[in-house]
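Work through the exercises below with the model open. Each task is followed by its solution.

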Amino acid sequence: MSDLTELNLAEARDGLKTKAFSAREITDAYLSAIDASNPALNAYISVTHDQARAMADASDEKLAKGEGGTLEGIPLGIKDLFATKGVHTQACSHILDGFQPPYESTVTSNLWRDGAVMLGKLNMDEFAMGSSNETSYYGNVVNPWRRSGGDNAALVPGGSSGGSATATSAHLCVAATGTDTGGSIRQPAAFTGLVGIKPTYGRCSRWGIVAFASSLDQAGPLSRTVRDSAIMLGSMASHDPKDTTSVDLPVPDYEAAVGRDVRGLKVGIPKEYRLDGMPGEIETLWQQGVEWLKQAGAEIVEVSLPYTKYALPSYYIVAPAEASSNLARYDGVRYGLRVPDDDVITMYEKTRSEGFGPEVKRRVMIGTYVLSAGYYDAYYLKAQKIRTLIKRDFEKAFADVDVLLTPTSPNAAFAPGEITDPVTMYLNDIFTVTVNMAGLPGISVPAGLDGRGLPLGLQLIGKAFDEETLFRTAGVLEESAGFTARPEKWW
Amino acid sequence: MAVDEATVRRIARLARISVSDDEAKALQGELSTILDWVEQLNEVDVEGVEPMTSVVEVSMKMRDDVVADGECPDEVTANAPAKEDHFFMVPKVVE
């Protein structure tokens, strides 16, 4: 039998249904691939061999009876931010040492309800704070892609869902869950030649996902094809009474949207996304995307989003403010690490000092500062007002167009240690963060390679709860781009 | 917006994070850089603009005021670093 890890999700699903192979066989194929490759890539921080095999066997029983859900027998990787009952869940932080939740997140519960198999927990930036997967307590994740021309330097997979990106790109899972607060699904997807979608805020339940910035966080999939992301999101999305911000709207058949044409669709090109000093090949790729959609019958319209440049600085007030509040719970009392002291306040301070890494400390401190007495109005309230203006920008644009096309990130994957200045690192999210600030859905599609052979992505931004138009348009981009490049296997 | 070391220490205290002298110095520079960068928001006129409170239009949901979960002290305290009889143990707080 050919290598089962080569199959994408839709192919694996169909093969399982026709019993061309069993869930146990494909699960074992992935477990072997992980055992062989993970030491070099560091994508998984916990591999659940026994649980994966037990889940696969249960799937095989259902499949044998002609039963089973939409993901029956499909082996997935789960970002460490999702609570998985009795399994390592630490947001890749030292401060959650040993934490094993006695409950399961709603998103992963939905996946298991539909028959998916858990291979293990995936590496990520600590508490999802990072754009390069260099802040994990468990070490850097390595991008399977390398620059062409014999440059063997390791590259980052992007972040914060870096483990999800590397594992899916290196065929160490069929697809993976991610979360996206400012670009944490879309930017790593772009860096590793994958599809990744952040759905509309409220589409997936946040219950059981370790909170970073509650008004921005959303879960979504990373996968090798647009169709696979559509299938995944159809399972992950739900209305959940346990998350009051989850919306009570039916989940459409996203997969049915893939393959629909875009004739007559109005595609907006936001002129403010044309940055000074942006690499020429990003601009060229963007223009190529415009041409592809034009050729497919879409109408291209230039639009203006004047408050774009303020999205990132206001994000770096809102997100740290919410993080400082959410991370207040890690005090060494109820779970995780405790650094003992006779005095309770000193115990908190020592625990948090040792338990949090430098980037997390930095953001908690910024958040504490902008929320502190006398500064709240000048920073947090102001940022929330600018957020209203950013959202209005999109509302005006979407009065005229159906979807927006932009690059996903201003550059391809870089080397670890290459960006040390926090603000320069934050600029990686410049095209993605606006989408979170406005609560909209955004998808990244692999569209081409840069001059050094590294993948680049194009982003589509949709109206709230119009993920179907994203899947439909992304399907056309995918088809036009014909992106078949693969990293040469060195690991 | 330059942050001095005393401010770093005050913020660290509020955030309940102990910082060494070296860390305080490094944070002073880093926090100043980030706060300088967000200063550009001063260019924006937000007069009369409502702050965002909900990113998608939804009305707050209500549920019945009934006990829906609980009675599981073993699970609640399962991950505690120190516990006794379903209590979280901490150093003495009140003399």
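**Exercise 1. Find the area buried between domain 1 and domain 2 of chain A.**

Solution. Domain 1 of chain A and domain 2 of chain A bury about 1700 Å² between them. Of that area, 66% is on carbon and sulfur atoms. Buried area is the accessible area (1.4 Å probe) that two parts lose on being put together, summed over both. Next, take the domain 1 side: A:I95, A:M129 and A:F212 supply 37% of the area this domain buries against domain 2, more than any other three residues.

This is a predicted model; local features need pLDDT of at least 70, side-chain atom pairs count only at pLDDT 80 or more, and totals for chains, interfaces and linings use all residues. Residues are numbered from 1 along each chain as its sequence is written.

**Exercise 2. Locate the two domains of chain A.**

Solution. Domain 1 covers 7–263 and domain 2 covers 309–382. These bounds come from an automatic or database domain assignment. The C-alpha centres of the two domains lie 28 Å apart. The contact (heavy atoms within 4.5 Å) takes 20 residues from domain 1 and 21 residues from domain 2.

**Exercise 3. Count the salt bridges between domain 1 and domain 2 of chain A.**

Solution. Look for a side-chain nitrogen of Lys or Arg within 4 Å of a carboxyl oxygen of Asp or Glu. The count between domain 1 and domain 2 is zero.

Notes
Chains are lettered from A and ligands numbered from 1 in the order in which they are written. Side-chain values use heavy atoms; hydrogens and water are left out.
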